[in-house]
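Colleague: Please take me through the side-chain packing in this one. Keep it brief.

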Amino acid sequence: MPRTVARVIVDALSELGVRQVFGVVGDALNPLTDAIRTTDGLEWVGCRHEEAAAFAASAQSQLTDTLGVCMGTVGPGSVHLLNGLYDAAKSHTPVLAIAGQVPLAELGSDYFQEVDNDALFSDVAVFRATVTSPDQLPQMLETAVRHALGRKGVAVLTVPGDLGERDLTADRPARFSLNAPVSRPEESAVRRAADILDRSERVTLLVGAGARAARQDVLTLADRLAAPMVLTLKAKAGFEGDTNPFQVGQTGLIGNPAAAEALQDADTLLLLGTDFPYRDWYPDGRTVIQVDTEATHIGRRVPVEVGLVGDTGATVRDLLARLTAPPAGSGGARDRSHLEKARERFEKWRAGQARLADPSHDKGVVGRIRSALDNRDHDIRPEVLAAAVDRAAADDAVFTSDTGMATVWLSRFVEMRGERRLIGSYNLGSMANAMPQALGAQALDRERQVVAFCGDGGLSMLLGDLMTLKTYRLPVKLVVFDNRRLGMVKLEQEQAGLPEFGTVLDNPDFAAVAEAMGITGIRVTDPADVDDAVRRAFDSPGPALLDVLTNPDEIAVPAKPTVEQGWGFALAKVKEIVRSHGEPSGN
């Protein structure tokens, strides 16, 4: 018996091991969602907004390194997918989006809700096509999936509303024949890189998410080179913890002085699996060696002496085989002073951060003086909350974080030890990603702990999908840094010497909102209550929202603050202080 277009697509998804499809039902999707309804092992997760569906699919793809799937119906339904799909594209993770379309006969007639999907998704997708005949399947679907997986990006397949129920005349099983190739750089380039590393006195590694699968090889190389290891945010998961004696944290705006100085003090930088985009944080005049699977990534951020195009693990093993053994009488290792100096700086910085994370910090002499300047309302310091979550969370928890200050506090106070994983909109930089990405992560495994670090601005942007957590009994723990501000924008304005404007948020009691939706809600206003509240939220059997009123004036000092930033901040504070008492703050 011939299958329909919808059945061919859904059967193929099931055979690929896809477990959930995220979207909003209706119109052109009805044949597809009905096919999902009758397919064992494949679950439809009905979201309240298609953007949340795309974020959820992207999260699943990033966690599994396989295909995530979302759907949007005709016109606005597909348009709403865009932001989440852009996040997947910028994260280089494979996602298949099925987009609805008006009936075939109406294409090009400016029909109700008609949108040219092939044009709409032209920038975000590595593959896009509209099915115009049942006999284009399964080949067109196979092509879409191969593009998504092979190029680690977004594929969009558009299905007109009257096509899903049509039968194929020449049906056959879908065949994907997927392989993960392993590439290596040219031998001459490896030799040249090894020669440079042998001659270098102070090597620093900048390690990205592309090196995560090669963790042990990278640790061996760091030991061989006596090199401190600076991590990008996406490399926290896999390289943090006590089992890595080389890491010195992150650089950049969310980073720390030890990491910035480890880069500055080096004579040679070795970039492994990273396309770290912030050029201002690369030191000038250093010899740079870069390893990346993409040739187009080599040298596009900083001038590179040697570019090695290949898989990080294979390339690092080749380098280790080429490096010259330490000379006799050297004790079997290089001079380790560069590494030891960086680690000492890092541990000193961590000790200072730990003092800020103490709930009783503001009760001491220094704390009282500081709070008189930056926390006159005695709100909870976000460092206290982030550190409490780190202590209470499982060693295999999945963390998501909203773009902005929530990511700063996670970066500095949550250690990705054990089997912890981390996902965020770290390339696109979208707001409102943490909750829907946590939704996708939790749908994969309802037993694994999933913790979302939510900004109040981000959470409120896609607030409706809290109901999705409740409907599907997804026990996500939402930790809301409720500073009543668009905190990162506030900081940007003040560093530029501007008083904050337009950043104040008129928030509800988010815990009460959660309770109204049938979700456990806990509101915290006293630093002494934070640890207990975090434990109560984590012990809740279903989804829980922890609404913590944090200090809106908390300052996240960058790794190497400039004089200009300091003067700008001081000037902004003067402007804010002299503002009329009758003028609402931020308006």
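Modeller: First a term: contact means heavy atoms within 4.5 Å. This is a predicted model, where local features need pLDDT of at least 70, side-chain atom pairs count only at pLDDT 80 or more, and totals for chains, interfaces and linings use all residues. Residues are numbered from 1 along each chain as its sequence is written, and side-chain values use heavy atoms, leaving out hydrogens and water.

Colleague: How many residues does the largest nonpolar core have?

Modeller: A nonpolar core is a set of buried Ala, Val, Leu, Ile, Met, Phe, Trp, Tyr and Cys residues joined through side-chain atoms within 4.5 Å. Buried means under 20% relative accessible area, exposed over 50%, partly exposed in between (1.4 Å probe, protein chains only). Ile9, Cys70 and Leu96 are among those with the most contacts inside the largest core. Its residue count is 86.

Colleague: Which residues does Leu96 touch, beyond four places away in sequence?

Modeller: Residues up to four places away are not counted. The list includes Leu13, Leu67 and Gly68. It also includes Val69, Cys70, Leu141, Ala144, Val145 and Ala155.

Colleague: How many residues are in the other core, apart from it?

Modeller: Among its members are Met405, Leu410, Phe453 and Ala533. The count for this other core is 39.

Colleague: What is the angle between the planes of Phe399 and Phe453?

Modeller: Rings of Phe, Tyr and Trp (its six-membered ring) pair if their centres lie within 6.5 Å; planes under 30 degrees apart count as stacked, over 60 as edge-to-face and the rest as tilted. Phe399 and Phe453 lie 6.2 Å centre to centre. Their pair is edge-to-face, at 70°.

Colleague: How many residues apart are Phe399 and Phe453?

Modeller: Strands (E, at least two residues) and helices (H or I, at least four) are DSSP runs, numbered from the N terminus. Phe399 is in strand 13 (residues 398-401) and Phe453 in strand 15 (residues 450-455). The pair links distant parts of the chain, 54 residues apart.

Colleague: Is Glu240 buried or exposed?

Modeller: Glu240 sits in the loop between helix 10 (236-239) and strand 9 (247-250). Its relative accessibility is 10%, so Glu240 counts as buried.

Colleague: Which side chain makes a polar contact with the side chain of Glu240?

Modeller: A polar contact is a pair of N or O atoms within 3.5 Å; within protein, one must be able to donate a hydrogen and the other to accept it, and residues adjacent in sequence count only if both atoms are side-chain atoms. The backbone nitrogen of Met416 lies 2.7 Å from a polar atom of the Glu240 side chain. The side-chain partner, at 2.9 Å, is Lys236.
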